Amino acid sequence: MNLLPSSLRSRVRPTLRLRLTLVYGAVFLLAGLVLLGVTYLLFQQQLVQTFDDRYASPAEPGRFKQLLIKQDGVTLYGDAAMEWLWRQQQELRDAAVTSLLTQGAIALVVVGGAAVGLGWWVAGRVLAPLHLVTATARKIAAAPMAERGLHERIALRGPADEVKDLADTFDTMVERLDHSFDGQRRFVANASHELRTPLTLNRALVELAMHRRTASSDVKELGESLLEINARHERLISGLLLLARSEQEVADRSPVDLADIVTHVTAQTAGQAADAKITVYEVVAPAPTTGDALLLERLVHNLVENGIRYNLDDGTGWVRVVSRTVSGDKVEVEVSNTGPAIPPYDVPLLFKPFHRQAGERAVTGTSAGLGLSIVRSVAIAHGGDVRARPRDGGGLIVAVALPRATDRSW
């Protein structure tokens, strides 16, 4: 039973490279011990066999009666000489065995350490392609939107082994996903373009019927409703086209100051704010960035329009638009507004396509449910991000952070 917490186990978990090195070192050590043991047995057997071939053992007395040995002025004959030889053989064998085991163990430790180091290096070389696969997968997973990182490929070079098969299979899967997302975006754009023609024709026919001299009040009232629905459908299609466009990364960038965009958008929406009895405040400071000016204008316009639309209806509502530089490498536009209270858990849903706040009807509502989705897509396409939180007392605060333009860009 493992008593360590899961977070600690994840930190102390050995890597595959370490495990392979330990296994390689253990196998080498075991093989070295077996080799040392076999060498010891063969050495001892060879030593005993050599002595027995030349001399008789004490268990066979009298075999060499004429054996004579002179040692240190003492002459040994027969069995005494044989006994002395036997002792010499035992001492020689013990010394040889001790030397064999000691030096063999030292050599085994030294070579084993070198083998572990070599195993670490070999394991790193073998696992290098897997690290490349992991790094590519992490790039795709870390992309702000799922389809943004699908252009990444491993493109592993090397022999056609199992690791290369894995990398090629991964590239094939990512390529098919990339084609699928591209096809989806093209379908949305093409379908939106195709739908614009019948909507324009419908609007022309309705207006023609409404402006006839013989048109009754009921026909005119019905025409107004149909024109309102038709206008909403046109806004929906325009939003889909803009969403499909904004989900592509902006490649052609030009210098843009968010302060100028804020001033322009608040002037554009002044009539809408006056009709809704909403006061719009602007607090502008230089906020230089780079990107597509039209897309950034749509981003700020959607934020201000949402702040006006989802607000109080008693004449006390307001919208505050701020542009500023928040750090050395970031600029920000923040839009806050009064309005109904929004639960914190409902804020992430506001950035989902076709999501509307409670109380707005799906058919006759003025919103297509794409405003904040487009804001998020435009921000990500420019390398930025969006944060939203409920405002104390009701309403919402949405902040879009974008990369600050360098002095070289201006």
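Two strands count as paired if DSSP finds at least two bridges between them. Helices (H or I, at least four residues) and strands (E, at least two) are DSSP runs, numbered from the N terminus. This is a predicted model, in which local features need pLDDT of at least 70 and side-chain atom pairs count only at pLDDT 80 or more, while totals for chains, interfaces and linings use all residues. Residues are numbered from 1 along each chain as its sequence is written, and side-chain values use heavy atoms, with hydrogens and water left out.

**View A. Strand 8 and strand 9 form a hairpin.**
Strand 8 (residues 385–390) pairs with strand 9 in the antiparallel sense, over six bridges. Look for Val386, which stands opposite Val400 of strand 9. Five residues lie between the two strands, and in this hairpin Gly393 takes a positive phi near 95°.

**View B. Ala401 sits in strand 9.**
Ala401 has a relative accessible area of 5%, so this residue is buried (buried means under 20% relative accessible area, exposed over 50%, partly exposed in between, with a 1.4 Å probe and protein chains only). Leaving aside neighbours within four places in sequence, Ala401 is in contact (heavy atoms within 4.5 Å) with Val331, Glu332, Gly384, Asp385 and Arg387. Gly383 is 18 residues from Ala401 in sequence, and their C-alpha atoms are 8.9 Å apart.

**View C. Helix 9 is mostly covered.**
Just after the helix comes Gly383, with a positive phi of about 80°.

**View D. The largest nonpolar core has 34 residues.**
A nonpolar core is a set of buried Ala, Val, Leu, Ile, Met, Phe, Trp, Tyr and Cys residues joined through side-chain atoms within 4.5 Å. Leu299, Val300, Leu303, Val333 and Val400 have the most contacts inside the largest core. Helix 6 (258–268), helix 8 (293–309), strand 6 (318–327), strand 7 (330–337), helix 9 (371–381) and strand 9 (396–403) each supply at least two of its residues. Helix 8 gives the largest share, seven residues. Not counting residues up to four places away in sequence, Val300 touches Ile261, Val262, Val265 and Val333. There is also a second, separate core of nine residues, including Leu150, Ile154, Phe170 and Val174.

**View E. Strand 3 and strand 5 run antiparallel.**
Four bridges join strand 3 (residues 254–257) to strand 5.

**View F. Five residues form a nonpolar patch on the surface.**
The members are Tyr24, Leu118, Trp121, Val122 and Val126, with about 480 Å² of accessible area together. Helix 3 (residues 78–142) gives the most to this patch, with four residues. Val122 belongs to helix 3, and this residue counts as partly exposed because its relative accessibility is 38%. Accessible areas come from the Shrake-Rupley method with a 1.4 Å probe, and for residues only the protein chains shown count as cover.

**View G. Lys277 lies in a loop.**
This loop is between helix 7 (270–275) and strand 4 (279–284). Lys277 is exposed, with a relative accessible area of 59%. Phi of Lys277 is positive, near 60°. Most residues other than glycine have a negative phi.

Notes: Patch = residues over 30% accessible without salt bridge, like charges linked within 9 Å, V, L, I, M, F, W, Y side chains within 5 Å. Salt bridge = Lys/Arg side-chain N within 4 Å of Asp/Glu carboxyl O.
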